[in-house]
Amino acid sequence: MNALILGGGGREQALAWKISQSPLIDTLYLAPGNGGSFPKCLNVALSETDFPAIADFVKHNDIELLVVGPEQPLVDGIVDFLSRDADLSGLHIVGPTAFGARLESSKAFAKEFMARQGIKTAAYQSFSGEGSIEAAADFIRSLGHGPYVLKADGLAAGKGVLIIKEEDEAVRASEEMLRGKFGEASRTVVIEEFLSGIECSVFFLTDGKSYTLLPVAKDYKRIGDGDTGLNTGGMGSVSPVPFANKDFMDKVEQEIVRRTVDGISPDVYKGFVFLGLMDVEGEPFVIEYNVRMGDPETESVMRRIDGDLVPYLLALKEEKLGDLEPLRETEETALTLILASGGYPEKYAKGFTISGIEEAEKLGAVVFHAGTKSTADGGIVTAGGRVLAVSATGYGLEEAREKAYAAAEVITFEKVYKRNDIGSDLLAFMKGYIRKETKKLWEGIFKREDKK
């Protein structure tokens with residue numbers, strides 16, 4: 001069969017890498033794609049938001065499977081648009097309707113959903129319009145202390161979440177947002193308590209009735225080492241996550257995943273669910289829902305799926321996901337490192353020649369393209385803030401980390417930038433955990449000896 005992936009970033013490249021390996025796939029198109037490619041994959045010059053053109057392409061190229069990568073086409077209703085076309089009744093679409101996508105496009109909607117389903121999340125209130133400025137200020141003051149979390153209700157290009165320490169500054173920021181700082185996205189503002197803990201990303205596929213879990217991951221949002229500086233789209237990721245142990249994941253599955261699936265309908269949701277979670281002293285709290293895979297987590301998650309993903313994607317349409325065995329995970333650890341343009345996430349230049357990708361892949365990494373484009377002479381140049389995602393696997397985090405960084409070192413382009421500490425916090429966590437468990441073991445031995 002032929003398949004189509006909408007999107008042009010690293011996430012879509014990672015999905016293409018995995019999906020193209022399936023013997024069920026003949027040709028896999030990416031619209032619009034980027035400078036990267038894998039066997040059986042072709043880029044097509046289609047905008048991911050040009051729904052009529054996408055429908056025509058699907059019809060004329062015998063597309064049977066459509067995977068929507070980014071959130072915007074889902075929020076804009078591409079699933080609804082294509083589902084209304086009688087000629088596309090046999091198309092398998094991976095993604096929710098516009099209504100289902102409100103789990104991501106409206107923070108207030110998601111909070112109300114969690115309240116109905118009994119899913120743990122931070123205490124909050126929603127405020128709409130300039131008439132609620134004073135009420136928002138009163139709620140901030142009622143929280144007693146910072147940090148304060150202010151979220152634009154709608155999509156704001158990754159800039160709509162503010163974490164502010166001082167009360168007066170939070171009050172001013174809430175007023176600016178309600179007066180339209182982020183346009184229509186912040187006409188409604190969700191203000192919530194700050195949760196302290198460790199974050200991770202949990203993914204699952206659902207047909208609205210059943211689900212299957214994907215490997216858990218952790219990403220690194222800040223531009224600087226030690227999680228300092230401005231927020232970005234993500235500077236790296238790791239899978240699995242050592243603190244997301246069996247006890248924690250059992251809670252996630254029972255208290256969040258199952259309650260989420262119970263609260264949605266197959267009519268509105270058949271696709272990926274991305275849970276942004278906080279581990280608060282061993283208890284999982286939902287920070288946010290996303291209705292697609294994350295980036296750069298997908299680059300690590302796809303490396304750890306053991307087996308063919310395509311049958312699971314096809315099972316969504318007929319709601320037969322529950323008939324399949326759960327997805328298997330490899331025992332290896334995956335680490336993905338982003339190579340970015342100097343100046344990102346603010347101003348940066350484009351058009352720099354990239355070299356060393358083949359050498360990096362010879363060292364055992366998979367290099368996913370993100371902000372790149374190909375040139376007429378067959379070269380590759382930078383075309384975005386996050387340029388490449390260098391992903392490596394190993395038997396343990398330390399090996400995966402060494403391989404990813406070694407591969408990244410041989411890739412060059414002008415003003416290349418990367419973080420130097422991706423995964424180092426998890427290595428420290430693991431070493432601390434081992435020391436703690438070793439101490440408990442010896443203490444137990446000494447107590448038994450004392451009793452003798």
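Colleague: Let's start with a cysteine. Is C200 buried or exposed?
Modeller: C200 is buried, as its relative accessible area is 3%. Keep in mind that this is a predicted model.

Colleague: And what about C41, buried or exposed?
Modeller: C41 is buried too, with a relative accessible area of 8%. The cut-off for calling a residue buried is under 20%.

Colleague: How many disulfides does the structure hold?
Modeller: Zero disulfides are found in the structure.

Colleague: OK, new topic: in what order do the four strands of the open sheet come?
Modeller: The order is β6-β9-β7-β8, and the pairing is antiparallel.

Colleague: Which strands stand at the edges?
Modeller: Those are β6 (124-128) and β8 (161-164). Each has a single partner strand, so one side of each has no neighbour in the sheet.

Colleague: And how much are neighbouring strands turned against each other?
Modeller: On average by 20 degrees, ignoring direction.

Colleague: How many bridges join β7 to β9?
Modeller: Five bridges link β7 (residues 148-152) with β9 (residues 188-193), and the two run antiparallel.

Colleague: Nice. Which strands does helix α7 touch?
Modeller: Helix α7 (residues 133-142) packs on the sheet and touches β6, β7 and β9. Its direction makes about 160 degrees with that of β6.

Colleague: And α8, which strands does that helix touch?
Modeller: Helix α8 (residues 167-178) also packs on the sheet, touching β6, β7, β8 and β9. The direction of α8 makes about 10 degrees with that of β7.

Terms used
Residues are numbered from 1 along each chain as its sequence is written. This is a predicted model: local features need pLDDT of at least 70, side-chain atom pairs count only at pLDDT 80 or more; totals for chains, interfaces and linings use all residues. Side-chain values use heavy atoms; hydrogens and water are left out. Two strands pair if DSSP finds at least two bridges between them. Axes are lines fitted to C-alpha atoms, for helices over the stretch in contact, and angles run from 0 to 180 degrees between N-to-C directions. Contact means heavy atoms within 4.5 Å. A disulfide is a pair of cysteine sulfur atoms within 2.5 Å. Buried means under 20% relative accessible area, exposed over 50%, partly exposed in between (1.4 Å probe, protein chains only).
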